[in-house]
Amino acid sequence: MIDYYSMSAAEAEAALPALAELVIDAVDSGASIGFLPPLAEADALVYWRDVVVAVRDGSRILLVAAEAGVIQGSVQLGLEKRANGQHRCEAMKLFVHRRARRRGIARELMAEAESAARAAGCTLMLMDTRKGGEADQLCQKLGYEAYGEVPGYARSGNGELHTTVFYYRKLG
Ligand SMILES: CC(C)(COP(=O)(O)OP(=O)(O)OC[C@H]1O[C@@H](n2cnc3c(N)ncnc32)[C@H](O)[C@@H]1OP(=O)(O)O)[C@@H](O)C(=O)NCCC(=O)NCCS
């Protein structure tokens, strides 16, 4: 059975090694999540410590999927703090460990992210991803609306620039 829950800053801090392993696996698998492979553990830990700070200050919600205590995936919800955008959330850094893919975990994490967004008063969800990647297919499958794409937006692990697609969904 897989449990989906939001982690407090203290829980995330305690889980730093597992979270680091998760992001290293995602980068190794070619994910476009801001890093280029190989991602050193020290850099992964620095990254997650910044996430812990954001969770602590309330600008980020961290949702994880855990199976028998093992973290298999996560997604983050960025909350807009500026006055004119507090109805807006961004789903970011969605990744599922390669050992646990194609079992519906990302789909469920996105459903949890949408519930958390609604609970935080958000009515609009944003997300962006590499064109043609697994997450792009997921966004389409979930019915997100593409509102544009930018060629050459981010660099892939192989050094090539790739197109990023920008999506939104109105949360009813
Ligand atoms: C994208 C990712 C999170 C999907 O995780 P997952 O748990 O395997 O996805 P799910 O099992 O929930 O799949 C849901 C839907 O996504 C799409 N999808 C997921 N993986 C896919 C793949 N390899 N090829 C094509 N479609 C895929 C399918 O539409 C799938 O629905 P289906 O199983 O009914 O066909 C995972 O592949 C991953 O971590 N990739 C690397 C990280 C990344 O690129 N993140 C995006 C940054 S925003």
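Student: Which residues does Leu 62 touch, not counting residues up to four places away in sequence?
Tutor: In this predicted model, Leu 62 touches Ser 6, Met 7, Ala 12, Val 51, Val 55, Ser 74 and Gln 76. The word "touches" applies because two residues are in contact if their C-beta atoms, placed from the backbone, lie within 7 Å.

Student: Which residues have the most contacts inside the largest nonpolar core?
Tutor: Leu 62 is one of them, together with Val 23, Leu 63, Ala 91, Leu 109 and Ala 113. That core has 41 residues.

Student: What makes Met 125 buried or exposed?
Tutor: The cut-off for a buried residue is 20 or more other C-beta atoms within 10 Å. Met 125 has 21 such atoms, so Met 125 is called buried. Met 125 is found in strand E5.

Student: Which residues does Met 125 touch, leaving aside residues up to four places away in sequence?
Tutor: Met 125 touches Cys 89, Ala 91, Glu 114, Ala 117, Tyr 168, Arg 169 and Leu 171. Ala 65 provides a further reference point: 60 residues separate Ala 65 from Met 125 along the chain, and their C-alpha atoms are separated by 20 Å.

Student: Why is Ile 33 called partly exposed?
Tutor: A residue is exposed with 12 or fewer C-beta neighbours, buried with 20 or more, and partly exposed in between. Ile 33 has 17 other C-beta atoms within 10 Å, and therefore counts as partly exposed. Ile 33 is found in the loop between helix H2 and helix H3, and touches Ala 26, Val 27, Lys 93 and Phe 95, residues up to four places away in sequence not being counted.

Student: Which peptide bond is cis, with omega near -5°?
Tutor: The cis bond is that from Pro 37 to Pro 38. Pro 38 is found in the loop between H2 and H3.

Student: What makes the phi of Lys 93 worth noting?
Tutor: Phi of Lys 93 is near 50°, a positive value in a residue other than glycine. Lys 93 has its place in strand E4. With 20 other C-beta atoms within 10 Å, Lys 93 is buried, because the criterion is 20 or more.

Student: Is Arg 102 buried or exposed, and how do you know?
Tutor: Arg 102 has 9 C-beta neighbours inside 10 Å, and therefore counts as exposed, the limit for that class being 12 or fewer. Phi of Arg 102 is near 60°, again a positive value in a residue other than glycine. Arg 102 lies in the loop between E4 and H4.

Student: How do you know what span H4 should have?
Tutor: The expected span is 1.5 Å times one less than the number of residues. For the 15 residues of H4 this gives 21 Å, and the end C-alpha atoms are 21 Å apart, which agrees.

Student: Which residues of H4 are buried, and why are they said to line one face of the helix?
Tutor: The buried residues of H4 are Ile 105, Ala 106, Leu 109, Met 110, Ala 113 and Ala 117. Seen down the axis of H4, they fall within an arc of 135°, so they line one face. An α-helix has 3.6 residues a turn, so residues three or four places apart point the same way. What covers the buried residues of H4 includes strands E1, E2, E3, E4 and E5, and helix H5. H4 is followed by Gly 121, whose phi is positive, near 90°.

Student: Which residues of H5 are buried, and what shows how they are arranged around the axis?
Tutor: Ala 135, Asp 136 and Cys 139 are buried. Seen down the axis of H5, these residues fall within an arc of 105°, so they line one face of the helix. On the other side of H5, Gln 137 and Lys 141 are exposed. The buried residues of H5 pack against strands E4, E5 and E7. Gly 143 follows H5, with a positive phi near 85°.

Student: Which of the 22 residues around the ligand come nearest?
Tutor: Ala 31, Arg 101, Ala 106, Ala 135 and Leu 138 come nearest. The elements giving two or more residues to this shell are E4, H4 and H5. H5 gives the most, with 5 residues.

Notes. Residues are numbered from 1 along each chain as its sequence is written. This is a predicted model: local features need pLDDT of at least 70, side-chain atom pairs count only at pLDDT 80 or more; totals for chains, interfaces and linings use all residues. Helices (H or I, at least four residues) and strands (E, at least two) are DSSP runs, numbered from the N terminus. The arc is that of the directions from the helix axis to the C-beta atoms. A residue is near a molecule or strand if its C-beta atom, placed from the backbone, lies within 6 Å of it. A nonpolar core is a set of buried Ala, Val, Leu, Ile, Met, Phe, Trp, Tyr and Cys residues joined through C-beta atoms within 7 Å.
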